[in-house]
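Welcome, and thanks for taking a look at this one.

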Amino acid sequence: DIQMTQSPSSLSASVGDRVTITCRASQSIGNYLNWYQHKSGKAPKVLIYAASSLQSGVPSRFSGSGSGTDFTLTISSLQPEDFATYYCQQSYNAPGTFGQGTKLEIK
Amino acid sequence: EVQLVESGGNLVKPGGSLRLSCAASGFTFDSYTINWVRQAPGEGLEWVSSISGSSRYIYYADSVKGRFTISRDNAKNSVFLQMNSLRAEDTAVYYCAREGGYYYQSSGYYCFDYWGQGTPVTVSS
């Protein structure tokens with residue numbers, strides 16, 4: 001199975017900050033990479049698919065980039081509702097493995 | 001409106017069984033692969049199993065292979081996860097998620113575009 005590794009595991013930031021989360025795949029996955037946001041007690045929500053395509057309804061402050069093995073999720077200006085855990089997932093082949101998550105906390 | 005609602009989670013003893021259900025509405029159910037994903041306490045998301053619209057393609061994570069069985073009833077817009085020989089490490093919130101296909105720059109991609117709220121499973125004596 002393809003292993004997905006995110007960094008950092010946790011991150012403290014303030015409202016208005018620019019934040020970047022990194023995801024690395026154990027082999028090349030092209031741009032078959034999704035990003036999800038998960039708040040405790042809620043259903044996870046897809047933010048980005050195909051590494052950089054914003055899912056409908058997702059604010060434009062979220063953006064994704066990368067291809068091959070290295071990917072990033074960027075939040076350009078953190079809002080209070082963005083504090084959550086973020087996961088990457090490869091969709092290159094089955095099973096669609098997830099990264100271990102990055103918990104974004106308020107500083 | 002697309003909705004997925006899980007049910008069936010409960011407290012069960014090690015070695016016991018449980019059957020989870022995922023009821024879907026708001027889309028053409030038999031056209032979509034449905035997945036089960038779980039989150040153990042303090043852990044991240046773990047993909048568990050998937051079933052294609054026709055039930056032709058079924059996959060399991062190694063951690064549950066031989067113990068869990070996924071199935072679906074397209075007449076009832078429902079997917080099921082039969083969990084046998086449960087272990088403490090199966091304790092988690094179980095989510096069902098629709099696998100949506102999208103085109104971007106002339107290529108096809110998938111993501112889990114709709115999720116349920118989850119149902120908790122606790123395996124403990």
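## A question to begin with

Is A51(A) buried or exposed? A51(A) is buried, with a relative accessible area of 1%. Please keep in mind throughout that this is a predicted model.

## Two alanines with positive phi

A51(A) sits in the loop between β5 and β6 of chain A. Its phi is near 70°, a positive value in a residue other than glycine. With a relative accessible area of 1%, A51(A) falls under the 20% cut-off, so A51(A) counts as buried.

A50(A) lies in the loop between β5 (45–49) and β6 (53–54) of chain A, and A50(A) has a positive phi of about 55° although it is not a glycine. How large is the relative accessible area of A50(A)? The value is 1%, and A50(A) is buried.

## Chain A as a whole

Chain A contains 10 strands and 0 helices, and along the sequence the pattern reads β-β-β-β-β-β-β-β-β-β. The radius of gyration of chain A is 13 Å, close to the 13 Å that the globule rule gives for 107 residues, so chain A is as compact as a globular protein of that length. The C-alpha trace of chain A spans about 35 × 25 × 25 Å along its principal axes.

Of the 107 residues in chain A, 50% are buried. Among the contacts in chain A with a separation of 6 or more, 57% are between residues 24 or more positions apart. As for charge, chain A carries 8 positive and 6 negative side chains, with the centres of the two sets 5 Å apart.

P8(A) lies in the loop between β1 (4–7) and β2 (10–13) of chain A.

Another is the bond from A94(A) to P95(A), which is cis with omega near 0°. P95(A) is placed in the loop between β9 (85–90) and β10 (102–106) of chain A.

## A serine in a loop

At 35% relative accessibility, S76(A) counts as partly exposed.

Which residues does S76(A) touch, leaving aside those up to four places away in sequence? They are G16(A), D17(A), R18(A) and R61(A). The C-alpha atoms of S76(A) and I21(A) are separated by 12 Å, and these two residues are 55 residues apart along the chain.

## Chain B as a whole

Now for the partner in the file. Chain B has 11 strands and 0 helices, giving the pattern β-β-β-β-β-β-β-β-β-β-β along the sequence. A compact globule of 125 residues would have a radius of gyration near 14 Å, and chain B agrees with its 14 Å. Along its principal axes, the C-alpha trace of chain B spans about 50 × 30 × 25 Å.

Of the 125 residues of chain B, 48% count as buried. Residues 24 or more positions apart supply 54% of the contacts in chain B with a separation of 6 or more. Chain B exposes about 6000 Å², 45% of which comes from carbon and sulfur atoms. Its 10 positive and 11 negative charges have mean positions 7 Å apart.

## The nonpolar cores

How many residues make up the largest nonpolar core? This core has 44 residues, and those with the most contacts inside it are F98(A), W36(B), L81(B), M83(B), Y94(B), F112(B) and W115(B). Strand β9 (residues 92–104) of chain B gives the largest share of this core, 6 residues.

Definitions and conventions
Residues are numbered from 1 along each chain as its sequence is written. Chains are lettered from A and ligands numbered from 1 in the order in which they are written. This is a predicted model: local features need pLDDT of at least 70, side-chain atom pairs count only at pLDDT 80 or more; totals for chains, interfaces and linings use all residues. Side-chain values use heavy atoms; hydrogens and water are left out. A nonpolar core is a set of buried Ala, Val, Leu, Ile, Met, Phe, Trp, Tyr and Cys residues joined through side-chain atoms within 4.5 Å. Buried means under 20% relative accessible area, exposed over 50%, partly exposed in between (1.4 Å probe, protein chains only). Helices (H or I, at least four residues) and strands (E, at least two) are DSSP runs, numbered from the N terminus. The radius of gyration is taken over C-alpha atoms; the globule rule is 2.2 Å times the number of residues to the power 0.38. Contact means heavy atoms within 4.5 Å. Accessible areas come from the Shrake-Rupley method with a 1.4 Å probe; for residues, only the protein chains shown count as cover. Lys and Arg count as positive and Asp and Glu as negative; His and the chain ends are not counted. The place of a charge is taken as NZ of Lys, CZ of Arg, CG of Asp or CD of Glu.
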